[in-house]
Amino acid sequence: MIIVDIDNTISDARWRNEYAERKEWDIYHSLSIHDKPINLHILEEDDSIFFLTGRPEKYRDITLKWMDKHLPKKTRYKVIMRPESDFASAPKFKASIASYFNKITFAWDDREDVLEAYRKLGIPCGNPNSKRAPASILEQGATTFNERNALYADNYLLFGGVMAALLPNGVQINSAENWNKFGLLIQCVSKLTRFCNSPDMTHRDSVHDLMVYAAMLESIIGD
Ligand SMILES: [Mg+2]
């Protein structure tokens, strides 16, 4: 699972900062419905996502409406907000919640003091707004590979065998339209083999993707 902050992590709240500076919190939070989305690439579709925000509970409806409007439809998530009676600092509040979970693979937040609190708990974390060093990008890439590999096993090594069985004489492609068909066929085979290699053949997303790519394939074949 990943933990993701909201304000200035996936929503651009900078334009309403003046209200935070004046401690006009109700206006500050109420305006969040108009924020533009940012950094949505950090929300990988296979992650279990917990949004952890310092926004008080009474802004849950606004928050969920904003997410419904801006997050990809397939995104599944839960939102943990600050209870009305909680006045702890953001790092303290977020660390106390994060310490309940033991399967956090990564935490995203724009505040350095919050990231520091996560680091103290041993949780890998980062600010999606900051440019990262190549080594850090590679580390995160290795984490992603290990997570996906645990789910799909070595599916990528089986893919070639399936394609060779389907097309024993190879293929000769000489038009853009046929390359389009071939591209979609590859996606279909990839999703099918992923499904077959998912634990107990339960990876529903792969089945949905397979339907989508098959429909796209049929649409370009035409009547
Ligand atoms: Mg924030």
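## Core and helix packing

The largest nonpolar core has 17 residues, of which Ile-2, Ile-3, Val-4, Ala-107 and Tyr-118 touch the most other members. Such a core is a set of buried Ala, Val, Leu, Ile, Met, Phe, Trp, Tyr and Cys residues joined through C-beta atoms within 7 Å, buried meaning that 20 or more other C-beta atoms lie within 10 Å of a residue's own, with C-beta atoms placed from the backbone.

| Element | Residues |
|---|---|
| α5 | 112-120 |

The largest share is that of α5, with four residues. Helices (H or I, at least four residues) and strands (E, at least two) are DSSP runs numbered from the N terminus.

This is a predicted model, in which local features need pLDDT of at least 70 and side-chain atom pairs count only at pLDDT 80 or more, while totals for chains, interfaces and linings use all residues. Residues are numbered from 1 along each chain as its sequence is written.

Beyond its neighbours within four places in sequence, Ala-107 contacts Ile-2, Ile-3, Ala-98, Tyr-118, Ile-123 and Cys-125 (contact: C-beta atoms, placed from the backbone, within 7 Å).

The axes of α4 (residues 90-98) and α5 come within 9 Å and cross at roughly 35°; axes are lines fitted to C-alpha atoms over the stretch in contact, with angles from 0 to 180 degrees between N-to-C directions. Ala-90, Pro-91, Lys-94, Ala-95 and Ala-98 of α4 meet Asp-113, Val-114, Glu-116, Ala-117 and Tyr-118 of α5.

Domain 1 (2-134) and domain 2 (153-221), with bounds from an automatic or database domain assignment, have C-alpha centres 36 Å apart.

Terms used. Contact = placed C-beta atoms within 7 Å. Buried ≥ 20, exposed ≤ 12 C-beta atoms within 10 Å, placed from the backbone.
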